[in-house]
Amino acid sequence: MQGALASQAIIQKKWGNLEKAMELFKYQEKLCRKLKYLEGIANSLGAQAEVLRAWGKIEKALILVKEQVRIYRQTESLFGLRSAIPFQADILQELGQFTEAIGLYTEWKKISQKLGDIRGQ
């Protein structure tokens with residue numbers, strides 16, 4: 001069910017219906033928390049952060065993406081980290097936190113290389 005919610009939310013987001021997308025992503029998160037499905041929670045948090053960023057709520061987006069990265073670290077999900085870390089770094093860069101962003105980009109490159117992308121992309 002959480003996958004279906006995410007799919008619906010993604011469609012709403014693509015159609016530009018960000019309010020409905022956010023509502024669905026939050027419901028997905030709630031369901032995943034109830035099920036203790038960490039990967040689903042992390043995915044939902046990242047999606048919510050994307051919507052917040054689109055709304056210009058950069059600081060709130062950063063809070064959610066940091067939680068997403070924390071969960072991926074906890075679950076040792078390199079694929080999750082490979083997608084979430086550059087997103088967090090991009091937000092930090094927007095906020096002028098360049099040193100922290102560079103550290104995350106460096107970590108992202110190492111993870112990408114570990115996963116077999118020799119270019120680190």
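The largest pocket is lined by 15 residues. N43, G46, A47, E50 and Q68 lie nearest its centre. A pocket here is an open set of points on a 1 Å grid over the protein atoms alone, where a 1.4 Å probe fits, with protein on both sides within 12 Å along at least five of seven lines; lining residues have an atom within 4 Å of a point. The model is a predicted one: local features need pLDDT of at least 70, side-chain atom pairs count only at pLDDT 80 or more, and totals for chains, interfaces and linings use all residues. Residues are numbered from 1 along each chain as its sequence is written, and side-chain values use heavy atoms, with hydrogens and water left out.

The volume of the largest pocket is about 210 Å³, taken as the space filled by probe spheres set on the points, which are joined across faces, edges and corners. α1, α2, α3, α4 and α5 each give two or more residues to its lining. The most come from α3, with five residues. Helices are DSSP runs (H or I, at least four residues), numbered from the N terminus. By class, the lining has seven nonpolar, six polar and two charged residues. Ala, Val, Leu, Ile, Met, Phe, Trp, Tyr, Cys and Pro count as nonpolar, Asp, Glu, Lys and Arg as charged, and the others, Gly among them, as polar.

The largest nonpolar core holds 34 residues. Such a core is a set of buried Ala, Val, Leu, Ile, Met, Phe, Trp, Tyr and Cys residues joined through side-chain atoms within 4.5 Å. Buried means under 20% relative accessible area, exposed over 50%, and partly exposed in between (1.4 Å probe, protein chains only). F25, A49, V65, L81, I85 and I91 touch the most other members. α4 gives the most to this core, with eight residues. Beyond its neighbours within four places in sequence, V65 is in contact (heavy atoms within 4.5 Å) with A49, A84, F87, Q88 and I91.

α5 has 17 residues. Its buried residues include G80, P86 and L92. They pack against α3, α4 and α6. Just after α5, G96 takes a positive phi of about 80°.

K36 counts as exposed at 69% relative accessibility, and E76 counts as exposed at 68%.

Technical notes
The expected span of a helix is 1.5 Å times one less than its number of residues.
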